[in-house]
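Visitor: I would like a close look at a single part: the place where the two chains meet. Please keep it plain.

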There are 2 protein chains.
Amino acid sequence: MTRQELVAQIRKKKSFLCVGLDPDLEKMPACVKAEDDPIFAFNKQIIDATLPYAVAYKPNTAFYEAYGLKGMSALQKTVRYLQGKNVLTIADAKRGDIGNTSSRYARAFLADEGDFGFDAMTVAPYMGSDSVSPFFEIPGKWVVLLALTSNPGSADFQTAEGCRPFLYQRVLEVSRAWGHEGNLMYVVGATKADMLKEVRRIAPRHFLLVPGVGAQGGSLEEVCRNGFVEGEAGLIINASRSILYASSGADFAQAAAGQALALQKQMSVYV
Amino acid sequence: MTRQELVAQIRKKKSFLCVGLDPDLEKMPACVKAEDDPIFAFNKQIIDATLPYAVAYKPNTAFYEAYGLKGMSALQKTVRYLQGKNVLTIADAKRGDIGNTSSRYARAFLADEGDFGFDAMTVAPYMGSDSVSPFFEIPGKWVVLLALTSNPGSADFQTAEGCRPFLYQRVLEVSRAWGHEGNLMYVVGATKADMLKEVRRIAPRHFLLVPGVGAQGGSLEEVCRNGFVEGEAGLIINASRSILYASSGADFAQAAAGQALALQKQMSVYV
């Protein structure tokens, strides 16, 4: 999915919502757990219910890996079900290793001839340029590079004193040269105004994947005020638990649709 | 495997060699490629041939993920084959995410009731303390934290000017409090003397996983001179391609044994 196609979907659906498909069997209703493949059965219903309101879907691979080989099989069915639906599929895998090993991660998730064929995947920056560049070698795909997160530990290194500039700023500055605005996005979790302004100063037009608003940081309004790219949004805002587990009953999909619609309505003000 | 058990094996085998099980079908001999599960067939023979000389085995999960669901199945068979053989099994996965997500990664690879049950796994530090601490919650297991690597990109962030101390030093200093010498190791790839001295200044007794000697950095002698822990080694030195692909013929396992033995002989001088 190209940047132009993504922007077109954002304008068409008046939404920049991403649904985080993070399965937790303990939170799923009984009707789904009775299925042969509960995870895929759940995801399929969530996708069907939220498709009008979301432009992207982001399974976090950890949730599937925790269910072993069965979980990875469900992940495969899920991303294949999403194909042809005009949504951006993001493998939230946060992979990264030395060059030839990163190539294999890229192939694993992004290669269309592989088992998954995601449009995009999250990548960790710690090992620097040659650990990230292989991810750009698969044409037509996106690298979503970890930059700034909003968990407490982000202060350990990303914004640690003793670094000028801060590590997250350095990651943004240095990595801009590794890709371009049509194949490189950034994970930016901290949605406080000053942080987002600083991110935009360094990366004015790159798409930003924002893991959540509300519980995890600033309000949607604050994020849009400081992070929006005129005419294109330039933001993909993820919601997972609030949508997936809005109801633990048989009406879970309708409840999910309701939550997704509510978020889309808030976003429609901007696009 | 406890630290004491690991040290006992090191002394018994007079070796601190780790065999990196990084499968590449293109490099395997025809006899193996004809098998139902070529990757596991290959690994099994490598393990059988090198077991007398190695105290640890480290599959890099990227190589298995690149082969899709079949690759992950081969990884499962491989780690299960290693169980009960008194060797340290390390999932080189370099995972890391926010707290509750890291818990799932830990469960995926380390939980004995899961599909794999590794003794140890590599973890990435970028997101800080609460992204790493969940990996310590599974008893009897090791976290191998990425600290300093030897690829060109390590200069982008790990040793970037403008940080006092360097990022890799900060990672070592801050992370010491997250675990202890019985459950925390570090990946230290740069084996130049000054780097290793600095690592040992901060972490005098933690085990260090060294991805390779020779091609990737200093000599074994230099690594031992600057990194060895008296009486315990405190080092695990990984070799992959030089062992696995020593021969591309039907004698690949014997050739692998020869390479492993040669390395063990060099190491036996120290333990």
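Visitor: Are C163(A) and C163(B) buried or exposed?

Guide: Both C163(A) and C163(B) are buried. Buried means under 20% relative accessible area, exposed means over 50%, and partly exposed lies in between (1.4 Å probe, protein chains only).

First, some ground rules. This is a predicted model, in which local features need pLDDT of at least 70, side-chain atom pairs count only at pLDDT 80 or more, and totals for chains, interfaces and linings use all residues. Residues are numbered from 1 along each chain as its sequence is written, chains are lettered from A and ligands numbered from 1 in the order in which they are written, and side-chain values use heavy atoms, with hydrogens and water left out.

Back to the two cysteines. A disulfide (a pair of cysteine sulfur atoms within 2.5 Å) joins C163(A) to C163(B), with 2.1 Å from S to S. Over all chains, the structure holds 1 disulfide. The torsion about its S-S bond is about 110 degrees, so the disulfide is right-handed. C163(A) sits in the loop between α8 (154–157) and α9 (167–175) of chain A, and C163(B) in the loop between β5 and α8 of chain B, so the pair joins two chains. Helices (H or I, at least four residues) and strands (E, at least two) are DSSP runs, numbered from the N terminus. Elsewhere, C31(A) is partly exposed, at 41% relative accessible area. C31(B) is partly exposed as well, at 40%.

Now widen the view to the whole interface. Contact means heavy atoms within 4.5 Å. It takes 56 residues from chain B and 56 residues from chain A. The two chains bury about 4,700 Å² between them, 59% of it on carbon and sulfur atoms. Buried area is the accessible area (1.4 Å probe) that two parts lose on being put together, summed over both.

Charges meet here too. A salt bridge is a side-chain nitrogen of Lys or Arg within 4 Å of a carboxyl oxygen of Asp or Glu. The rule finds 6 salt bridges across this interface. One of them pairs D97(A) with K94(B), at 2.9 Å from N to O. Another pairs E65(A) with R95(B), at 2.8 Å. This pair runs from helix α4 (residues 61–65) of chain A to strand β3 of chain B. Both partners are buried: E65(A) is at 6% relative accessibility, and R95(B) is at 1%.

Which parts of chain B touch chain A? The elements that each supply at least two residues include α5 (68–82), β3 (88–95) and α6 (99–110). The largest share, 6 residues, comes from α6(B). The touching side of chain B divides into 25 nonpolar, 17 polar and 14 charged residues. Ala, Val, Leu, Ile, Met, Phe, Trp, Tyr, Cys and Pro count as nonpolar, Asp, Glu, Lys and Arg as charged, and the others, Gly among them, as polar.

End inside helix α6 of chain B, the place of S102(B). S102(B) is buried, at 0% relative accessibility. Leaving aside neighbours within four places in sequence, S102(B) is in contact with G96(B), D97(B), S131(B), P134(B) and F135(B).
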